[in-house]
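Dear colleague,

Please find below the structure that I am handing over to you.

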Amino acid sequence: MRIRAERDDLADVLSRAARAVSARSPLPILQGLLVVVEGRRVHVTGTDLDVTVRTQLEVEVLEEGRTVVPARLITEAVRKLPAGAVVLEATGGEVELTGGGPRFRFREMPADDFPAVPEAALQDALEVEGDDFIQALGQVMVAASHDDARPVLTGVFFESHEGALRLVATDSYRLALRDVPAVRSTVAALIPARALRELHRTIAAKKLLVAVGSREASFGSDRGTLTVRLIEGTFPNYRQLLPAEYPNHLTVARDVLLDAIGRASLVAEDHIPLRLQLHSGGAELSVTRQDVGGETEQVAGDYHGEEMTIAFNSRYLNDGVAAVEDDEVVLDVIDPLKPGVLRGAESREFLYLLMPVRL
């Protein structure tokens with residue numbers, strides 16, 4: 001196997017595939033990248049058996065073949081070569097990388113030991129706008145849990161909803177929901193958020209294909225594919241958490257509210273609630289810590305409803321406001337003991353439900 005390619009292009013395909021490789025894998029072969037050269041392309045695959053990333057690049061093929069190379073070493077070595085053309089060759093149990101003078105040699109890993117991971121099944125995939133989809137994932141994944149003891153909460157639930165693809169995540173303290181326009185949306189699956197975070201770093205493009213099977217989900221573009229094993233289990237019935245209407249509404253400038261939350265967070269900690277006293281003309285934000293002190297400020301806004309004081313975890317509140325894309329954010333509330341909902345003043349595709357803190 002022997003190819004010639006531009007350094008930056010080769011570094012790109014190697015590093016994107018390497019994002020699926022776990023340095024803590026007990027199987028040494030899984031710390032490598034499968035490199036297959038055929039036709040006019042090099043195909044690179046990285047996997048930890050739960051997530052698989054395949055990338056490809058058109059190169060000058062000097063000799064077809066296949067090999068497995070150490071993922072971290074080969075990726076860093078290509079990056080450290082001088083700019084320009086580089087040559088990657090595997091022969092006699094050794095992988096040689098040269099370009100601009102320097103030469104690296106690595107011991108080849110046995111290609112026959114690399115697991116036979118399934119190809120991405122994209123035959124019946126639905127098509128989404130790449131930028132919108134990546135933005136939507138960023139908005140909802142903030143609410144996904146990091147606690148592996150409750151695996152169903154560590155994923156993003158994909159489902160069809162009124163001709164769109166709905167994405168939902170919750171850690172039981174907050175819930176984020178976003179609808180994404182999609183062509184032919186018929187989906188119901190729970191996909192690990194950990195894998196979805198790699199989409200924009202690996203295969204994101206203007207057009208993305210999304211296909212969900214019984215055990216795996218696949219994402220594809222002209223940059224490659226990402227395949228991930230689905231989470232087994234039943235996602236919580238989130239619909240029962242969404243009241244049909246809210247009688248009280250606060251509308252404020254998003255950036256102003258974010259700045260105010262940021263100042264209050266200097267005093268607050270995760271266990272110290274941030275109070276919002278809702279009244280005509282806006283809200284008063286306040287936080288008090290007995291061992292430190294406190295902070296209070298008025299945030300101008302438009303409030304319609306019954307005056308009340310409701311409290312939230314400051315970090316969770318900040319995450320929700322930051323996820324809103326509109327210039328103005330709306331906080332809908334029922335009473336101090338029921339969840340509030342954050343949304344954009346104009347767009348209706350995204351909402352963020354947040355449990356209050358009892359005072």
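In this predicted model, the side chain of threonine 47 comes to 3.2 Å from the backbone oxygen of valine 51. The side chain of threonine 47 also makes a polar contact with the side chain of threonine 52, at 2.8 Å. Threonine 47 belongs to strand 3, which covers residues 41-47. With a relative accessibility of 0%, threonine 47 counts as buried, because the cut-off for that class is under 20%. If residues up to four places away in sequence are set aside, threonine 47 touches Ala20, Val21, Leu30, Thr52, Phe114, Pro115 and Val117.

Is histidine 279 buried or exposed? Its relative accessibility is 17%, and histidine 279 therefore counts as buried, the limit being under 20%. The side chain of histidine 279 is joined to that of glutamine 298 by a polar contact of 3.2 Å. Not counting residues up to four places away in sequence, histidine 279 touches Glu284, Gln298, Tyr303 and Glu307.

Helix 6 comprises twelve residues, 254-265, and spans 16 Å from its first C-alpha to its last, close to the 16 Å expected at 1.5 Å a residue. Which residues of helix 6 are buried? They are Arg254, Leu257, Leu258, Ala260, Ile261 and Ala264. These residues lie on the same side of helix 6, because they cover an arc of only 165° around the axis.

Helix 7, which consists of residues 314-323, contains glycine 320. Glycine 320 has a relative accessible area of 0% and is buried. Leaving aside neighbours within four places in sequence, glycine 320 is in contact with Leu342, Phe350 and Tyr352. Between glycine 320 and arginine 24 there are 296 residues of separation along the chain, and their C-alpha atoms are 33 Å apart.

Yours sincerely

Definitions and conventions
Residues are numbered from 1 along each chain as its sequence is written. This is a predicted model: local features need pLDDT of at least 70, side-chain atom pairs count only at pLDDT 80 or more; totals for chains, interfaces and linings use all residues. Side-chain values use heavy atoms; hydrogens and water are left out. Helices (H or I, at least four residues) and strands (E, at least two) are DSSP runs, numbered from the N terminus. Buried means under 20% relative accessible area, exposed over 50%, partly exposed in between (1.4 Å probe, protein chains only). A polar contact is a pair of N or O atoms within 3.5 Å; within protein, one must be able to donate a hydrogen and the other to accept it, and residues adjacent in sequence count only if both atoms are side-chain atoms. Contact means heavy atoms within 4.5 Å. The expected span of a helix is 1.5 Å times one less than its number of residues. The arc is that of the directions from the helix axis to the C-beta atoms.
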